[in-house]
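Work through the exercises below with the sequence and the model side by side. Try each task before you read its solution.

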Amino acid sequence: MTSPASQPAQISFYEAVGGHETFKLLVDRFYEGVAEDPELRPMYPEEDLTGARHRLCTFLEQYWGGPKTYGQERGHPRLRMRHAVFPVSPSARDAWLRHMRNALDTLDLAPLHEQTLWDYLDRAAHSLINTVDGGEAPAAGQDVPGRLS
């Protein structure tokens, strides 16, 4: 019988793919595409996208077993609630996924890691659709209700 001390330590997905540097690179490359995208760029009020980069990086790091910075700074992710004020249409989803796919393809991850990460990103993007192409978000121009913040 194998004792717990002799079993190999399990590492998180975060560690297995290279930790902070991998997620920072993914996010930086993703936002390079977003910065030039006529459909997505208007959804980001910050001129330099610094805050958006930080939020996405810390969210992904926490989700995949890294530091808990996102939760400490912002609380529970509540992705649908946080995105409710943005018109996430099928075409916006497709643009987001296109930039994320391009960024992910530059990382040279092991196939299983790449597919695991892509599956999550694809499902998350599909789950955030809240309008039709050309339509407004259900909460466009409104503050998120206090009960959801």
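**Exercise 1. In which helix does Arg 101 lie?**

Solution. This is a predicted model: local features need pLDDT of at least 70, side-chain atom pairs count only at pLDDT 80 or more, and totals for chains, interfaces and linings use all residues. Residues are numbered from 1 along each chain as its sequence is written, and side-chain values use heavy atoms, with hydrogens and water left out.

Step 1. Find helix H6, residues 90-105; Arg 101 lies there. Helices are DSSP runs (H or I, at least four residues), numbered from the N terminus.

Step 2. Check accessibility. Arg 101 is partly exposed, because its relative accessibility is 21%. The classes are buried under 20% relative accessible area, exposed over 50%, and partly exposed in between (1.4 Å probe, protein chains only).

**Exercise 2. Find what Arg 101 touches, not counting residues up to four places away in sequence.**

Solution. Step 1. Apply the contact rule: heavy atoms within 4.5 Å. Arg 101 then touches Glu 114 and Trp 118.

Step 1. Look for polar contacts. These are pairs of N or O atoms within 3.5 Å; within protein, one must be able to donate a hydrogen and the other to accept it, and residues adjacent in sequence count only if both atoms are side-chain atoms. The side chain of Arg 101 makes one with the side chain of Glu 114, at 2.5 Å. Another, of 2.6 Å, joins the side chains of Arg 101 and Asp 105.

Step 2. Turn to Trp 118. The charged end of Arg 101 sits over the ring of Trp 118, 4.6 Å from its centre. The rule asks for NZ of Lys or CZ of Arg within 6 Å of the ring centre and within 35 degrees of the ring normal. Arg 101 and Trp 118 are 17 residues apart along the chain, and their C-alpha atoms are separated by 7.7 Å.

**Exercise 3. Which residue does UniProt list for "binding site"? Describe its surroundings.**

Solution. Step 1. The unreviewed UniProt entry lists His 126. UniProt positions are given in the numbering used here, feature names are shortened, and annotations may be inferred rather than shown by experiment.

Step 1. His 126 is in helix H7, residues 111-127. His 126 is partly exposed, because its relative accessible area is 38%.

Step 2. List its contacts. Beyond four places in sequence, His 126 touches Arg 93 and Leu 97. The side chain of His 126 also reaches the backbone oxygen of Asp 122 at 2.8 Å.

Step 3. Follow Arg 93. This residue is in helix H6. Arg 93 counts as buried, because its relative accessible area is 14%.

**Exercise 4. Are the rings of Phe 30 and Tyr 31 stacked or edge-to-face?**

Solution. Step 1. Rings of Phe, Tyr and Trp (its six-membered ring) pair if their centres lie within 6.5 Å; planes under 30 degrees apart count as stacked, over 60 as edge-to-face and the rest as tilted. The count comes to ten aromatic pairs.

Step 1. The centres of the Phe 30 and Tyr 31 rings are 4.8 Å apart and the planes meet at 75°, so the pair is edge-to-face.

Step 2. Tyr 31 also pairs with Tyr 44. Their centres are 5.5 Å apart and their planes at 90°, so this pair is edge-to-face. The pair links distant parts of the chain: Tyr 31 is in helix H2 (residues 20-35), and Tyr 44 is in the loop between H2 and helix H3 (50-63).

Conventions
Helix = DSSP H or I, 4+ residues; strand = E, 2+ residues; numbered from the N terminus.
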